[in-house]
Amino acid sequence: MANRYFSVFKISLKSGMAYKAEIVLKIIFSFISSLIILFVWYAAYHYSNTSNINGISLTTTVLYFFVFASIAAIWGGYGVGKLINSDIKTGSIVSNFIRPVNYVYALFVRHLPQTLIFLIFGTIPILTIIYIISGMHMAIAQLIYFIAEIAIAYFIFNLIAFIISIFTIYLSDVEGIMNAVFIIIEILSGAIVPIIFYPKPIYNILLLTPFPFLAYIPISTFIGILKISQIPWILVIGTAWVLVLSVISRILWKKFNRDINIVGI
Amino acid sequence: MADRIIKVNNVSKSFRTYETGNGFLGGFRKKYSMKNAIENISFSVSKGEIVALIGRNGSGKSTLTKMLSGILHPDKGNIKMLGKAPCKERIDVAKHIGIIFGSTHPQVFWDLPPEDTFKYIKEIYNVSEKDYNERLESLLNMLDLKKVYKRQTRQLSLGERMKCEFVAVMLYMPKVIIMDEATVGVDLPSRIAMGNAILEMRKKFNLTAVITTHVVEDISIADRLVLIDYGKKLYDGPVKKFKDKFANYTVLELEFEDRKHIAEYMKLGKALVKNNNYLKLAIKPSAIKNPEFIKIFKDRNITNYRVSDPMLSSILEDFYKGIDTAKTR
């Protein structure tokens with residue numbers, strides 16, 4: 001059975017690598033577009049004549065957004081959400097349903113190569129360059145926690161995308177809704193404003209939600225804003241969110257999939 | 001009693017559809033309604049049987065094939081495929097059935113050569129290296145695909161892509177094959193080769209096939225015809241019986257030396273085609289007793305004549321016209 005999913009992975013990787021120039025451009029432009037927000041923060045520091053906001057210096061903020069730019073490509077394209085939205089809207093779900101594999105597992109496996117391509121050719125080289133240039137020091141535990149948080153973030157992001165996108169079954173197209181939801185998620189995750197800049201009570205509440213895992217938590221772990229002692233508890237919260245979102249996804253899929261309506265296409 | 005491999009019991013399926021109004025603002029005014037795609041249909045297919053599921057556009061054929069393969073759930077009734085409910089045990093059922101959904105839902109990967117899809121199929125369905133090589137070689141030769149199967153799929157013609165879809169399914173030798181308009185764009189020799197491949201597999205492995213098509217020649221390999229229209233089953237039986245039941249006429253074709261003699265034979269039956277020196281008539285079986293009919297053999301003005309059964313396409317055309325006429329009454 002596992003062999004079948006490995007075959008799905010291999011063919012998706014091969015399809016993903018069919019247009020190499022497109023991959024390179026996607027990585028470059030994702031990095032550049034994610035850095036635009038950095039200029040806004042540079043201006044904020046410069047014109048407010050302050051050297052730090054909530055204890056975070058301009059140098060740390062610059063580092064924060066460089067690290068964000070290196071991981072942002074992983075979240076590009078709404079993850080599995082885009083796949084399922086297109087599968088249902090165009091009827092291509094049929095081509096996947098006729099195979100002896102679980103559609104939902106295969107969906108995640110189909111998306112995995114795209115993430116790995118960005119990780120290998122985008123995130124890892126860029127983070128290595130940032131690490132060398134910035135002269136930062138990172139403990140092994142910090143690196144392991146960072147990798148674990150990226151893995152948790154991958155599941156949280158894709159499960160949220162999955163939950164929203166299966167409403168395509170009833171709404172025909174949910175790209176607009178996904179746009180709106182992910183703008184809110186960007187604000188809550190620390191992709192635009194590092195959540196440590198928010199008032200303390202809001203910051204503490206946000207740490208209990210799944211959203212900071214998509215930006216603030218892994219970035220802060222990497223650059224050392226978060227204390228190492230805090231991280232195990234944060235990982236427990238993240239894992240709990242992955243489980244909760246998995247259960248919600250499972251219940252909704254079981255309830256919704258019998259209403260899939262691919263007629264006339 | 002033969003082993004019933006597919007059982008469809010009182011199955012119904014409806015879906016919500018809408019119409020929009022005219023003009024720019026019309027897009028905001030949607031009128032929703034429920035369309036009954038399938039209404040209380042029952043039939044079964046025995047092991048090794050080839051059944052042609054036919055009907056006009058929008059008659060519900062594709063909806064039915066999607067329910068047979070477990071993609072859509074029936075609203076009412078139940079379906080058993082190889083003893084299992086396809087919509088509940090989809091993965092188990094999918095291991096043993098092969099489906100080709102015309103050009104609308106391709107399974108050959110668009111950005112890769114068909115060869116990659118074939119290798120993927122080999123892995124997914126656990127086809128041994130030996131079987132894979134033998135079957136691939138034979139199918140590529142049979143369908144004249146050797147020159148193209150290593151090219152990117154998107155660069156292939158529609159017919160070539162459809163033939164690759166057929167190869168992808170035949171590689172793992174399913175117990176049941178469902179073909180939903182699988183010969184769209186396929187040239188005549190390859191269509192015949194596809195039909196022969198199905199017959200060959202039935203002979204060797206007792207393959208069961210359900211074929212949905214608008215190409216009447218594809219029906220020639222079928223043992224049975226299930227005809228549906230507006231979601232309702234109108235006929236279920238052997239192809240020959242359908243012809244006997246709905247074509248109570250014979251076709252008479254006459255070629256004349258001089259067209260002025262055509263009029264003399266018009267009263268023999270209903271003219272189907274009349275041009276230049278050629279006359280094609282639909283005649284009742286009793287017409288052979290007509291003295292005019294006997295005259296054909298003596299008339300020196302008639303240079304050629306032919307008596308034949310009507311073509312299935314003509315019978316179906318008349319059948320559909322009959323349904324529409326009955327509806328307008």
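Here are a few questions and answers about this predicted model.

Visitor: How many helices and strands are there in chain B?
Guide: Happy to start there. Chain B has 329 residues, and 48% of them are buried. Its C-alpha atoms fill a box of roughly 70 × 55 × 55 Å along the principal axes. The count for chain B is 11 helices and 13 strands.

Visitor: Why is helix α4 of chain B largely enclosed by the rest of the structure?
Guide: Look at its side chains one by one: among the buried residues of α4(B) are B:Phe118, B:Tyr120 and B:Ile121, and also B:Glu115, B:Asp116 and B:Lys122. The helix spans residues 114–124, and it is largely enclosed because the number of its 11 residues that are buried is nine.

Visitor: Which residue just after α4(B) takes a positive phi?
Guide: Good one to check on the backbone. The phi is about 50°, and the residue is B:Asn126.

Visitor: Is B:Lys80 buried, partly exposed or exposed?
Guide: This lysine sits in strand β4 of chain B, residues 76–81. Buried means under 20% relative accessible area and exposed means over 50%. At 35%, B:Lys80 is therefore partly exposed.

Note on methods. Residues numbered from 1 in each chain as written. Chains lettered and ligands numbered in written order. Predicted model: local features only at pLDDT ≥ 70, side-chain atom pairs only at ≥ 80, totals over all residues. Heavy atoms only, no water. Helix = DSSP H or I, 4+ residues; strand = E, 2+ residues; numbered from the N terminus. Buried < 20%, exposed > 50% of the residue type's maximum accessible area, 1.4 Å probe, protein only.
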